[in-house]
Amino acid sequence: MKFGVFDHMDRGRQFDERLRLIELYEQAGFHAYHLAEHHATPLGMAPSPSVFLAAVAQRTKTLRFGPLVYTVNLYHPLRLIDEICMLDQMSGGRLELGVGRGISPYEVGYYGVDPATGPQRFAEALEVILKGLTEKRLTHEGKYFTFKDVPMEMQPVQRPHPPLWYGANSLESADRLAEQGLNVVVGMKAEGVGQFAARYRAAWNALGHDDANLPLIGLSRHVVVGDTDKEAQSAAKRAFALWYDALIHLWRAHGVGLPRQMIPAEFEPALEGGYIVAGSPSTVRERLKRDNDVAGINYCICRLAFGDLSFEESKRSVELFAREVMPAL
Amino acid sequence: MKFAVFDHLDRSGPDLGRQYEDRLRLTEIYEWAGFHAYHVAEHHGTPLGSAPSPGLFLAAVAQRTTRLRFGPLAYPLGLYHPLRLIEEICMLDVMSGGRLELGVGRGASPYEAAFFGIDAATAQERFDETLEIVLKGLGAERLDHAGKFFTLNDIPMVMQPVQRPHPPLWHVTRSLESADRLAGLGCNVALAMPTHDAGKFTKRYRAAWEALGRAPADMPFVGNTRNVVVLDSDSDAVSAARRAFHVWYDSMVHLWRANGVELPRQVSSPDFDETVEQGYIVAGSPAKVRDRMLRDQSISGINYSICRFACGDLSFEESARSVRLFAREVMPALLPKDDTGPVRAATGTLARGLRWLGDEDLSEVGFLFR
């Protein structure tokens with residue numbers, strides 16, 4: 001079991017305190033720090049995640065990090081290749097490369113990208129990017145992009161390319177993702193993730209691959225650990241409300257709800273459903289242990305800073321998690 | 001008079017990770033030595049520029065320094081979506097407590113623009129429209145724009161810069177005629193011109209500035225860029241400068257040659273001695289560099305001295321030594337006699353706070369700085 005951190009960088013206590021927290025993630029033994037990309041919404045105050053990650057590379061030595069995910073359709077593929085190579089070189093090969101098409105029609109719309117072209121454009125851009133990361137010259141003739149013998153001066157440290165990550169929301173995608181050998185963060189409840197992980201693993205084995213080489217399959221949860229259940233849950237409840245407001249901000253501004261209820265709007269059902277795990281070390285330990293078993297994951301992703309959680313609250317969470325929860329998992 | 005550094009981040013060897021770290025250590029030295037700002041270029045598909053997304057490298061610079069200002073010189077606006085640019089500018093400005101210097105340009109190389117699928121013929125129009133959007137968007141609550149290349153409808157500007165209304169603007173130019181327009185915009189200027197031409201430019205810029213009724217004391221920066229190598233003897237410095245010049249020039253000409261043409265002469269002559277004669281390169285002992293820079297400064301009339309201390313295959317030790325000697329023995333002579341500002345205070349002091357330079361560091365660099 002590895003442990004990771006996911007961060008929306010939703011508006012709260014920003015860059016300086018986040019960087020200090022990230023130093024603590026490294027000390028605590030987390031494997032990687034994953035940062036979201038959002039635009040024109042308080043949900044994501046690191047709209048160019050690469051810029052923040054370049055600072056993360058300076059503040060850490062061993063912690064891996066990456067976007068989760070680059071909204072690939074909002075970049076020129078050459079720009080993304082350049083950024084991937086720079087980050088990988090500036091960190092001695094610590095980049096984890098999350099890719100996606102961008103799920104918010106409002107955000108991609110602001111960039112002038114027609115959401116209807118999303119999947120097709122994304123598939124083509126990803127093909128270009130992987131080709132560009134692995135070849136000396138880039139030639140491509142497609143619907144959205146044409147490249148003729150462009151020299152690829154920049155190269156990543158990790159060959160053929162940094163590990164790929166993908167967000168999965170459907171059980172059916174497990175076969176394809178296993179075939180591509182992609183690391184996955186599954187956006188479902190523990191039971192759903194359990195089905196997904198079983199299917200991914202079966203597909204992986206059916207391809208003749210070993211369990212030991214299984215890519216990371218992760219489940220992400222809000223985690224607040226405090227000295228008592230009461231203290232942790234009241235902080236989590238307070239911060240969750242702000243985070244949830246940020247999550248639905250652009251949808252509400254356009255007069256609609258979330259397209260898919262990825263998480264309950266109210267704190268109590270979210271806590272009950274395991275989307276949020278908050279409490280004393282023993283409460284968090286028991287719940288995560290149970291859910292991780294049900295989910296069959298090998299990557300436990302925590303969101304330790306969100307909403308208006310103070311630096312001290314998050315720091316306390318990290319300390320208690322590392323000391324009293326991690327070893328038991 | 002302020003001093004600054006320009007860096008192409010041209011490729012110096014096979015290990016790019018090492019090069020980034022060496023360059024970052026140099027930015028710590030620039031800060032210590034009292035430099036005002038560090039400017040880094042953006043290039044694509046060429047060994048001339050290993051920071052093709054300069055914002056990423058600058059985010060690292062922001063972590064390694066506390067006072068040094070920094071920025072791209074310049075963002076080729078046509079290669080960015082304006083929203084991405086606004087977001088990146090705001091992030092860098094916030095992450096550095098308002099230390100960003102915002103260089104904007106059309107993009108000098110038609111080949112690099114073509115890689116991105118941009119027709120060089122549209123460069124000026126794209127530049128104008130993108131700059132308009134960026135300046136409109138920085139600090140605004142919402143952004144609306146209907147133009148030839150971009151249509152933006154009521155976009156919430158969640159990201160805001162620290163510096164209002166926006167970070168200081170910079171433009172690179174080799175054209176005398178642009179002086180009036182840039183003075184009108186109040187834009188800082190980085191020239192890449194022979195000394196005498198720079199003199200004509202600053203004169204015209206200053207005249208245009210005063211003709212607009214603006215106070216001479218508020219004049220923006222007008223600087224000229226030089227490759228500077230200061231070592232203990234003239235012969236050491238000139239031979240290092242000559243060696244590095246050829247490597248750097250090869251990077252400069254790389255994409256042009258790949259397309260079957262030579263570098264336009266006004267960008268740089270391939271001949272080291274001719275380039276020295278024009279004043280693009282100043283290399284020598286501290287006394288020689290001081291005399292040449294004093295002379296050139298009086299001819300060019302600049303108020304901003306932009307040095308390139310790292311280029312080609314200059315080693316970290318050579319560049320660090322250059323900066324050290326420049327700060328201690330050249331800078332003070334180039335300052336007006338009555339200057340008591342931070343540059344004067346910083347020059348000639350010993351290295352402090354360079355984290356990587358331990359007390360027991362007796363390596364060449366450690367020794368030099370104690």
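In the predicted model, helix α6(A) passes helix α7(A) in a right-handed crossing. Helix α6 of chain A spans residues 173–180 and helix α7 of chain A spans residues 190–206; their axes come within 8 Å and cross at roughly 45°. Angles from 65 to 115 degrees count as roughly perpendicular and those under 35 degrees as roughly parallel; α6(A) and α7(A) are therefore oblique to each other.

On the α6(A) side, the residues that meet α7(A) are Ala174(A), Asp175(A), Leu177(A), Ala178(A) and Glu179(A). Their counterparts in α7(A) are Phe196(A), Arg199(A), Tyr200(A), Ala203(A) and Trp204(A). By class, this contact comprises seven nonpolar and three charged residues, with no polar residues.

The contact between the two chains draws 36 residues from chain B and 35 residues from chain A. On the side of chain B that touches chain A, the elements giving two or more residues are the helices α1 (16–32), α2 (54–64) and α3 (82–95), together with the strand β7 (151–156), of chain B. The residues on this side of chain B divide into 22 nonpolar, ten polar and four charged.

In soluble globular proteins, nonpolar side chains tend to be buried together. Here the largest nonpolar core has 214 residues. Tyr33(A), Ala54(A) and Ala59(B) have the most contacts inside this core. When neighbours within four places in sequence are left aside, Tyr33(A) is in contact with Val5(A), Asp7(A), Ile22(A), Tyr25(A), Val56(A), Leu63(A) and Phe65(A).

Technical notes:
Residues numbered from 1 in each chain as written. Chains lettered and ligands numbered in written order. Predicted model: local features only at pLDDT ≥ 70, side-chain atom pairs only at ≥ 80, totals over all residues. Axes fitted to C-alpha atoms, helices over the stretch in contact; angles between N-to-C directions. Helix = DSSP H or I, 4+ residues; strand = E, 2+ residues; numbered from the N terminus. Parallel < 35°, antiparallel > 145°, perpendicular 65-115°, else oblique. Left-handed = near helix turned anticlockwise from the far one by under 90°. Contact = placed C-beta atoms within 7 Å. Nonpolar A, V, L, I, M, F, W, Y, C, P; charged D, E, K, R; others polar. Core = buried A, V, L, I, M, F, W, Y, C linked by C-beta atoms within 7 Å. Buried ≥ 20, exposed ≤ 12 C-beta atoms within 10 Å, placed from the backbone.
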